Amino acid sequence: MAHISIKNLSVEFKVYGSNARSLKKQLLSHATGGRIASNADDSITVKALDDISLEICHGERIGLTGHNGSGKTTLLRTLAGIYKPTGGSIEIEGTIGALLDPASGMDPEATGIENIYLRGYVLGMSKKEIDTKIGGIAEFTELGKFLELPVKTYSAGMYSRLGFAISTAIRPDILLIDEGIGAGDAGFREKVVQRTQEFVSSAQIAVFASHDHAFLQDMGAQFLAFEHGKIANNNTA
């Protein structure tokens, strides 16, 4: 069964050449609650996550809430393997699927069809698996003949549709979703919500980061508030 164990997790980012820009540093410090430290090597250290410990078990849906810069997205990206911890540990049982930036990894010079294969490989699918899913992906996007054109010719909405359709073609054990997953007009957004609900229902664990409490409630998530890189309250017990 899927399980996530996080113990004393910290993630820090070092920014060089910032000490001279005192005004910018003060603004950053104010915006992030003072989680910025000066160093002797003309750098500052931003502590994005500070000593986080959390257990997420099979069947749980967790909604990460908090202001911008509170650590929600950093936690998702660390669980997805995009960021490396600077302290503590993460143990994960189960396959990970991340819907953080559905359009990431696509080649603007390649066609929509070619990008389905490229993005599918990035998500861990074999050519045979992609072959079986390509029809459903194409149908969901409603892009028709545009799939034969380079995606650099797409509008932002078309680009997002394709990325979302590809990313939700897999069914991982553990699902990570960042906010802002909508794509296209109102009619298409209804399809996105329905597809997301199906995506979530098939996952053994789902972790969301969102300001939209109504969305989190619709997904059956327990709220976990973040503040300045720390867990402000824990309602997951």
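Buried residues, meaning those under 20% relative accessible area with a 1.4 Å probe and protein chains only, make up 42% of the 237 residues in the protein. This is a predicted model, in which local features need pLDDT of at least 70 and side-chain atom pairs count only at pLDDT 80 or more, while totals for chains, interfaces and linings use all residues. Residues are numbered from 1 along each chain as its sequence is written, and side-chain values use heavy atoms, with hydrogens and water left out.

The protein has seven helices and ten strands, taken as DSSP runs (H or I, at least four residues, for helices; E, at least two, for strands) and numbered from the N terminus. Of the contacts (heavy atoms within 4.5 Å) with a separation of 6 or more, 73% are between residues 24 or more positions apart.

The chain begins with Met1, in the segment before β1. Met1 is exposed (over 50% relative accessible area), with a value of 77%. Leaving aside residues up to four places away in sequence, Met1 touches His58, Glu93 and Gln204.

Strand β1 covers residues 3–16 and includes Ser5. Ser5 counts as buried because its relative accessibility is 6%. Its side chain makes a polar contact of 2.7 Å with the side chain of Glu55; such a contact is a pair of N or O atoms within 3.5 Å, where within protein one must be able to donate a hydrogen and the other to accept it, and residues adjacent in sequence count only if both atoms are side-chain atoms. Beyond four places in sequence, Ser5 touches Leu54, Glu55, Ser89, Ile90 and Glu91.

Helix α2, residues 72–79, is mostly covered, with six of its eight residues buried. These are Lys72, Thr74, Leu75, Leu76, Thr78 and Leu79. Just after α2, Gly81 takes a positive phi of about 90°.

Two packed helices are described by the angle between their axes and the distance between the axes. Helix α3 (residues 112–122) and helix α4 (residues 127–141) pack at about 130°, with their axes 10 Å apart; axes are lines fitted to C-alpha atoms over the stretch in contact, and angles run from 0 to 180 degrees between N-to-C directions. This makes α3 oblique to α4, since angles under 35 degrees count as roughly parallel, over 145 as roughly antiparallel, 65 to 115 as roughly perpendicular and the rest as oblique. Ile113, Ile116, Tyr117, Gly120 and Tyr121 in α3 meet Lys127, Ile130, Asp131, Ile134 and Ile137 in α4.
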